[in-house]
Amino acid sequence: MRKILTIIEREYLTRVKNKSFIIMSILGPLLFAGLMIAPSLIMNMNNTEIRIVQVVDSTHIFRGQLPETDYIKFVYMPDANLQKYKSEFSQSGFYALLYISHQIVNSDNAVSLYSDKNINLDLRMHISNAIEKRLENEKLRSCGVDPGILSAVKTNININTIKMTDDGREESDNMTLKLVLSYLMGILIYIAIFLSGNAVMRGVIEEKTNRIVEVIVSSVRPAQLMAGKIIGVGLVTLTQFALWIVLTFCIYSAVAPMLMPDTAAIGVEMAQPLMSQGGSQLAQAQPTTDEMADELKAMLGTVGNINFGVIILSFIFFFLGGYLLYGSLFAAVGSMVDNEADTQQFILPLSAPLLLSIIVMTGTIANPDSPMIFWLSIIPFTAPVSMLTRIPYGVPYSEIFLSAALLIATFVVCTWLAGKIYRTGILMYGKKSTLKEIWRWIRR
Amino acid sequence: MTPILETNNVCKQYDGHTALDSVSLKVPQGTVFGLLGPNGAGKTTLIRIINQITAPDSGSVLFDGHAIGPDDIYQIGYMPEERGLYKKMKVGEQAVYLAQLKGLSKADATQRLKVWFDKFEIGNWWNRKVEELSKGMQQKVQFITTVLHEPKLLIFDEPFSGFDPINANLLKEEILNLKDKGATVIFSTHNMASVEEICDHIALINKSRKILDGSVNDVRQQFKLNLFELSYIGDSEKVLTLCAPMVDLKENEPGAISHLSGGLKPGFTYNQLLAALLPEVQITQFNELIPNMNDIFIKAVNQNAN
């Protein structure tokens with residue numbers, strides 16, 4: 001036991017002291033914090049510039065009616081001489097020229113926005129919304145609808161999704177948060193298992209090519225060496241993740257208030273980089289600060305209904321289980337070859353289940369209870385990723401326990417097999433091992 | 001005295017080919033024991049079995065009189081033929097790590113290492129990475145880590161490969177030094193000159209069987225062909241006549257001092273030969289020709305092949 005500790009200590013310290021570990025520990029959080037801050041920073045940058053729009057309104061119904069914000073102002077021109085204003089535009093210093101023609105009541109294309117700059121999306125959305133609203137009101141009024149009624153019918157809909165649990169309670173649901181958690185955990189555990197499995201494999205190959213392995217197995221049993229290496233690398237991965245989380249949080253909370261004085265935005269920003277996949281976020285009008293605050297409040301209200309205890313415990317369990325399962329198999333692969341180039345033929349079949357569960361992950365979001373995802377979350381080789389993507393949506397304890405028990409059983413069998421391959425493989429030099437030979441090593 | 005190491009009928013098969021076939025050895029305490037044999041004879045397999053890296057299919061290994069067990073590895077130091085160090089690790093750290101695996105505490109290992117590093121004049125390399133060291137220096141570090149825990153039994157597989165003559169000599173002296181301090185050394189090599197120089201006992205393994213063993217002197221006596229050289233002053237014709245019944249003559253060079261060489265015929269002794277010659281000539285030199293280990297090695301292996 002003391003020897004395993006000595007091995008773990010070496011595996012851990014040499015990796016943690018390595019330059020690439022230190023660089024990754026610093027670059028990772030900078031990247032994550034950057035990803036979290038950048039989108040809002042870009043939006044804020046546009047917003048901080050006050051843009052004055054010159055309004056040439058030939059209908060006269062919009063004069064003084066377009067709502068202004070802190071950064072968008074309107075100046076209404078006394079007459080409708082579009083040609084004159086257009087020719088003077090470059091000297092006028094306005095950001096844009098808005099022209100509303102007489103045709104507006106009949107035509108969709110009666111409004112034009114001229115500028116010598118690229119007009120950004122949120123300004124266009126703002127103006128279009130404002131004109132639409134004003135025009136609707138005007139049309140209703142012309143039909144004889146009372147302005148009092150107009151303000152009374154103004155409606156704002158926010159759908160609350162509520163999940164009914166088995167014991168009859170009702171929980172308000174937040175699909176966005178679950179989606180974020182599901183994605184995040186699936187990807188995180190995939191990266192963790194794959195990277196640390198690879199690190200184990202490279203460690204085994206290093207010992208083989210350095211020819212130190214025979215010296216070491218004359219002092220310790222091969223199983224002890226393998227166990228020490230797997231545990232040591234696992235601890236390194238956990239350390240790296242802990243550092244990433246803590247440092248990202250530190251950088252974010254130090255930098256975010258400086259760049260984004262609007263504190264209400266923080267909650268939304270945090271979710272944004274993950275939600276705005278494919279740029280769909282851009283297509284929506286930027287919500288006003290009030291709406292953001294409401295959304296945040298709603299989100300925080302449902303946070304209490306997500307069982308974080310179960311999520312954290314499952315994450316730790318399925319990471320450890322998955323890592324030990326794959327780590328021992330990666331160690332066996334490392335022992336079978338003389339150099340990293342030869343590992344390809346073994347790595348592909350080995351990592352296929354992990355890749356499959358990542359590909360299927362998007363399906364989990366569409367339907368967390370589909371039979372395919374159910375089975376993937378039970379089968380031990382895909383369970384670590386697939387089960388974790390399901391867990392934020394709520395999984396019966398019986399299924400979690402079934403999956404966990406199968407994972408433990410498989411891990412025990414695989415470690416035993418891997419140990420047998422490893423024991424023989426590490427002392428084999430200069431020849432590629434065929435599957436037939438490996439089968440003989442296992443039987444021996 | 002009980003032998004420090006004893007193997008009884010050790011057998012080992014690999015995938016249908018026999019690596020060791022009923023090998024029995026006794027390694028006496030406090031000696032240097034040469035384990036000889038051509039490539040692929042089974043030496044490395046035997047050494048791995050002694051180090052408990054692999055287990056024998058049948059037969060037993062006794063260490064210091066008892067069946068060898070996991071705790072005995074603390075009493076064994078092993079320098080394999082395929083040897084190396086972690087390239088990216090610092091020399092000192094690495095040596096301490098290897099010593100810890102052999103049961104030394106960190107403090108104890110560090111203290112002992114300082115002494116050895118000074119002795120081998122590599123003290124200022126403590127904080128360097130192994131990859132910065134020359135091959136010879138790496139070998140020195142390797143040697144130190146093998147002997148640091150002061151084991152009762154040391155096993156060196158081709159220890160001199162990779163050493164220049166000066167360092168090889170240093171290593172040889174250290175091995176003899178360790179023997180003087182009471183350690184037993186098993187020494188596997190192809191270098192027969194070094195066997196004659198430092199080995200007390202040898203065992204020769206060929207095609208997975210032991211074909212020869214014993215003390216170096218006994219083995220050489222066993223292989224001698226009763227050849228001798230004789231130098232004398234006197235009448236050459238007379239000497240040849242006197243020798244004829246007892247000697248198969250090879251060569252006779254008459255001169256101021258004549259030289260004669262040949263083989264003694266069976267049934268005669270050197271004393272009888274010398275007694276016959278003494279009254280007639282003045283004998284200046286007499287030498288029995290004993291075969292060297294190189295000849296014995298080749299002869300034994302060839303005989304075994306037939």
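**View 1. Strand 1 and strand 3 of chain A, side by side.** Strand 1 of chain A pairs with strand 3 (residues 96-100) of chain A in the parallel sense, through 5 bridges. Strands here are DSSP runs of E at least two residues long, helices are runs of H or I of at least four residues, and both are numbered from the N terminus. Two strands pair if DSSP finds at least two bridges between them. In this pairing, A:Gln54 sits opposite A:Leu97 of strand 3 of chain A. On its other pairing, strand 1 of chain A runs parallel to strand 2 (residues 72-76) of chain A, again with 5 bridges, and A:Val55 faces A:Tyr76 there. Is strand 1 of chain A mostly covered or mostly open? Strand 1 (residues 51-57) of chain A is mostly covered, with 6 of its 7 residues buried. Buried means that 20 or more other C-beta atoms lie within 10 Å of the residue's own, exposed means 12 or fewer, and partly exposed is in between, with C-beta atoms placed from the backbone.

A note before the next views: this is a predicted model, where local features need pLDDT of at least 70 and side-chain atom pairs count only at pLDDT 80 or more, while totals for chains, interfaces and linings use all residues. Residues are numbered from 1 along each chain as its sequence is written, and chains are lettered from A and ligands numbered from 1 in the order in which they are written.

View 2. Strand 3 and strand 4 of chain A run antiparallel, joined by 4 bridges, and A:Leu98 is opposite A:Leu113 of strand 4 of chain A.

**View 3. A closer look at A:Ala33.** This residue belongs to helix 2 (residues 19-47) of chain A. Why does A:Ala33 count as buried? Because A:Ala33 has 20 C-beta neighbours inside 10 Å. Leaving out residues up to four places away in sequence, A:Ala33 touches A:Thr248, A:Ile251, A:Tyr252 and A:Val255; touching, or being in contact, means C-beta atoms, placed from the backbone, within 7 Å. The C-alpha atom of A:Ala33 is 46 Å from that of A:Tyr429, which is 396 residues away along the chain.

**View 4. Helix 15 of chain A and its partner helix 14.** Helix 14 (residues 371-378) and helix 15 (residues 383-390) of chain A pack at an angle of about 130°, with axes 7 Å apart. That makes helix 14 and helix 15 of chain A oblique to each other. For the words used here, under 35 degrees is roughly parallel, over 145 roughly antiparallel, 65 to 115 roughly perpendicular, and the rest oblique. The contact brings together A:Ile373, A:Leu376, A:Ser377 and A:Ile378 of helix 14 with A:Ala383, A:Ser386, A:Met387 and A:Arg390 of helix 15 of chain A. By class, the residues of this contact are 5 nonpolar, 2 polar and 1 charged; Ala, Val, Leu, Ile, Met, Phe, Trp, Tyr, Cys and Pro count as nonpolar, Asp, Glu, Lys and Arg as charged, and the others, Gly among them, as polar.

**View 5. Helix 15 of chain A again, now against helix 12.** The axes of helix 12 (residues 308-336) and helix 15 of chain A come within 9 Å and cross at roughly 165°. Helix 12 and helix 15 of chain A are therefore roughly antiparallel. Helix 12 of chain A contributes residues including A:Phe315, A:Phe318 and A:Phe319, and helix 15 of chain A contributes A:Ala383, A:Pro384, A:Met387 and A:Leu388. The contact of helix 12 with helix 15 of chain A has 7 nonpolar and 3 polar residues, and no charged ones.

**View 6. Where chain A meets chain B.** How many residues does each chain give to the contact? Chain A gives 16 residues and chain B gives 18. On the side of chain A that touches chain B, helix 1 (2-16) and helix 7 (213-217) of chain A are the elements giving two or more residues. That side of chain A has 6 nonpolar, 5 polar and 5 charged residues.

Definitions and conventions: Contact = placed C-beta atoms within 7 Å. Axes fitted to C-alpha atoms, helices over the stretch in contact; angles between N-to-C directions.
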